[in-house]
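The structure is shown first.

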Amino acid sequence: MYLDHAASTPMRPEAVDAMEPFLAMEFGNPSGGHRAAQAAKNALEEAREEVAELLGAMPAEIVFTAGGTEADNLAVKGAARAARSSGAGDGVVTARFEHKGVLASVDRLELDGFPVTRIDADADGIVALEQLAASLDARTAVVSLMLVNNEVGTIQPLDRAVELVRERSPRAVVHTDAVQAVPWLDVATATARADLVAISAHKFGGPKGIGALVVRGATPLEPLVEGGGQERGLRSGTSNVAGAVAMAAALRATVASRAVDASRIARLRDRLADGLLAAVPDAFENGDRRRKVAGNAHLGFRGVEAEALLVLLDVEGLFAAAGSSCSSGASEPSHVLEAMGVPRADALSSVRFSLGFASTDADVDAALQLVPRAVAQLRSAGVAA
Amino acid sequence: MSAERVLVAMSGGVDSSVAAALLRDQGHDVTGVTLKLWGGESDSGCCSVSDVEDARRVAAQLGIPHYVFNLADDFTRHVVDPYVEAFTNGSTPNPCVECNRAIKFGRLLERAQALGFDRLATGHHARVQRDGDAYRLCRGVDSAKDQSYVLYMLGQPTLARTWFPVGELTKAEVRARAAALGLRTADKPESMDVCFIQRGQRTAFIGARANTASGAVVDTAGAVVGHHDGIDRFTVGQRRGLGVATGERRYVVDIDAARATVTIGSRTDLLRPFVELRELSFVDARPSGAPLLAQVRAHGEPFEANLDGTRVIFAARQPRVAPGQVVALYDGESLVAGGIAI
């Protein structure tokens, strides 16, 4: 029972099929001139066109990266450094509950002397727009706000945020981390408003190690990785052809079935969340469900340590997550819940169940059996969170 | 022995790797766990990733499940903060002891029970022996590696649920076993320092977390003979680095935190007839009045002593035990009691 789609999804068969020829047969370097190279180059550019179309952008606006974190780094650091170099301001504004790819980039900029403002979220999991408004001025160079929060799944008011930025900081570049949005929302609506949009293939049935940054129009960016000048000079290095082709296929499949998947999964999610809230005493929900994407159920069980609960569920073959992942495999107390003002004890009792295109009624049935039993076991052992 | 569900604390070192392997080979249902105890975002960004990785890879090689528990909050509260505070109070703490007390045989054991494990095992060099209805805590077979001293606080309920599989082996046998199994940790060097402080950085670590007043160095008559930059740099019994030039060997004989004063004296000034203990605990019943062996350092030579109330009376006068250090009392090979020197 895999209920951790926000961490990664299984690959869609379309994506596996699409990348296979480029792993085995069509191995040419797309930067070369011979026919083997040309075949790879053509595939790369076709993938670029397809991704662009599905995201509502022009092909020349797609920069392939090694994933969402790299896209976030390129966007935030690249835009801030370009702005400072050209005298177009240096203020950086972001939210405390962003993905670490954004937060760490902003931390780095702060060390480099950029003035940084980090705004809070409310208890529903929505960014505090009045704080955003108060943070914006003529000096603001970059505003980075995610489209969907990776832990609690809440959809952020990007439209209103962009309006505020355009009104108060006309020179500022707006970046949105849309990594968690692709399976659920039409990201083209974000592309229409933001200057920079990050996506990552493995969150929607593509492979790990490939993502993209949509760079609208002539948004000034300083590259992070320099070399042979691939990706319009914004991301040098031999292109990940197989990854790009697979990402395009996964995105096509995702967009084609998105509406149907989202309504089916929302029903599964509601059955899971409502079922657990009803079956487990002293359970609670993080984030306002009406403002979440369909796949997210973020639930807490008072008096139970999420870390221990996840072990019991893992033993039974049910995979979920808590907090934000760390390279060691330990879970860190969630900075997202902290930004929302959730008490630490509640945060440490909270688990994210994230459903995706591969989720079934059987997964939910199993979770509805296993979770209440595991919670009861831990509570009877009297290990308080 | 019937198969039991055992949780093995795997540090990523060779001892706990072999502990897990031995239990698996005995037919137990073994799960490994590595604790993330230190290294928040302010430090390296994450935990000691390579140690966790070693533990995870060993577990995979042994075919046992492995998890990581983040007990960093508890570790800070029960180990690191008291460690810093102790130095500012002029005492010399043993953080491994507090980690064993509060973390490994506290929070982790509690969690192991909640998760339905029958036992907790670690890679400590010590032995738990059944003696009728009681459990005895004995020195490890390899006396040079014996760690019973840092486990003095374990009582009967804990020992009943604890195994130390490598306590029956010498360190050389442990390494040979690891090599025979092809474990990646077979040749891994031992960790010798305080795990949350980089080598040689203790003063900086404490200085960043507490105010450490400078003050006077005085002789036993109270005459000022020098100055120091912080009492945290001194330990009772210390001989080197006193910053005072005298004709004969001088030792720290007392640290007065309230006045930020360090008193130095001769070796004779350092000798004491007894030490008073706090946190006194017994492995089983309070020992009878028969003479015991006291050990006052991790690998210190034991000497004869008696326990009287909370006081350990030395058969012959001994250099003063630094406040904060563990005094463990043995009856032969068995640890019977212990406490923290006041």
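Just after α2(A), A:Gly56 adopts a positive phi of about 75°. Helices (H or I, at least four residues) and strands (E, at least two) are DSSP runs numbered from the N terminus.

The model is predicted: local features need pLDDT of at least 70, side-chain atom pairs count only at pLDDT 80 or more, and totals for chains, interfaces and linings use all residues. Residues are numbered from 1 along each chain as its sequence is written, while chains are lettered from A and ligands numbered from 1 in the order in which they are written.

The 21 residues of α2 (residues 35–55) of chain A should span 30 Å at 1.5 Å a residue, and the end C-alpha atoms are 30 Å apart, which agrees; the expected span is 1.5 Å times one less than the number of residues.

Among the buried residues of α2(A) are A:Ala40, A:Leu44, A:Arg48 and A:Leu55 (buried: 20 or more other C-beta atoms within 10 Å of its own, C-beta atoms being placed from the backbone). The buried residues of α2(A) pack against elements of chain A including α1 (13–24), β1 (62–65) and α8 (241–279) (contact: C-beta atoms, placed from the backbone, within 7 Å).

## The sheet

Seven strands of chain A form an open sheet with mixed pairing, in the order β1-β7-β6-β5-β4-β2-β3; strands pair if DSSP finds at least two bridges between them. The edge strands, β1 and β3 (116–119) of chain A, each pair on one side only.

Five bridges connect the antiparallel strands β6(A) and β7(A). A:Leu196 stands opposite A:Val215 in β7(A).

Terms used
Buried ≥ 20, exposed ≤ 12 C-beta atoms within 10 Å, placed from the backbone. Contact = placed C-beta atoms within 7 Å.
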